[in-house]
Amino acid sequence: MHPITPSQSPSSGPTVYERIGAAPLADFAVGLYRRIAEDASIRSMFSDDLSPGSAAVGDMREFVTQFFGGPNAYSDRKGHPRLRARHMRFAIGQTARDAWLGHAMAALDEVAAAHAIDSATLAEMRAYFAHASAFMINHSD
Ligand code: HEM
């Protein structure tokens, strides 16, 4: 799955958003940034405010909502995601990517348990984050 392609399930079934709704994706954004805020290895790359109401969390919530098949609030506000280009101002090496992905996976696990997300949907979301985060690497450690 290419990271800028809207998510569809393997054939043409319901999107992830149609299956799980908005709340798990909002909770994912909060949980991801809560973990990043506590990780000294990558914290300094991010904005000072990573609280649930912050711009950083709002950007992530709107992006993942849109990517997984929900409303296009991210693009309505900011245009085409161009995620790799938007990350070029940060030096993202393998180590930072692995740290980020670890937090994304932990946030996903928390959300999956809280919202009883089915295993196929969880696997689809995990695969996206693993693949897309590798695509953000733009620097060698
Ligand atoms: C699946 C992988 C990823 C996705 C979907 C993703 C998504 C996003 C989005 C939507 C934004 C907001 C961009 C904007 O509108 O300006 C963002 C910001 C950012 N991302 Fe990522 N990202 C990913 C991977 C990574 C990785 C691996 C790193 C490395 C540590 C990273 C570091 C950052 C930083 C530092 C910001 C700025 C956040 C802020 O405003 O404080 N991202 N990301």
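User: At what angle do the axes of helix H6 and helix H7 cross, and within what distance do they come?

Analyst: Two packed helices are described by the angle between their axes and the distance between the axes. In this predicted model, the axes of helix H6 (residues 94-115) and helix H7 (residues 119-135) cross at roughly 165° and come within 10 Å. Angles over 145 degrees count as roughly antiparallel, and H6 is therefore roughly antiparallel to H7. The crossing in which H6 passes H7 is right-handed.

User: Which residues of H6 and H7 make the contact?

Analyst: H6 contributes Arg97, Trp100, Leu101, Ala104, Met105, Leu108 and Ala112. From H7 come Leu122, Met125, Arg126, Phe129, Ala130, Ser133 and Ala134. By class, the residues of this contact between H6 and H7 comprise 11 nonpolar, one polar and two charged.

User: How many helices and strands are there in the protein chain?

Analyst: The protein chain has seven helices and zero strands, so the order from the N terminus reads α-α-α-α-α-α-α.

User: What radius of gyration does the protein chain have, and what would a compact globule have?

Analyst: A compact globule of 141 residues would have a radius of gyration near 14 Å, and the protein chain agrees, with 14 Å. Its C-alpha trace spans about 40 × 30 × 25 Å along the principal axes.

User: What percentage of the residues in the protein chain is buried?

Analyst: Buried residues account for 28% of the 141 residues. As for contacts between residues at least 6 apart in sequence, 71% join residues at least 24 apart.

Conventions
Residues numbered from 1 in each chain as written. Predicted model: local features only at pLDDT ≥ 70, side-chain atom pairs only at ≥ 80, totals over all residues. Helix = DSSP H or I, 4+ residues; strand = E, 2+ residues; numbered from the N terminus. Rg over C-alpha atoms; globule rule 2.2 N^0.38 Å. Buried ≥ 20, exposed ≤ 12 C-beta atoms within 10 Å, placed from the backbone. Contact = placed C-beta atoms within 7 Å. Axes fitted to C-alpha atoms, helices over the stretch in contact; angles between N-to-C directions. Parallel < 35°, antiparallel > 145°, perpendicular 65-115°, else oblique. Left-handed = near helix turned anticlockwise from the far one by under 90°. Nonpolar A, V, L, I, M, F, W, Y, C, P; charged D, E, K, R; others polar.
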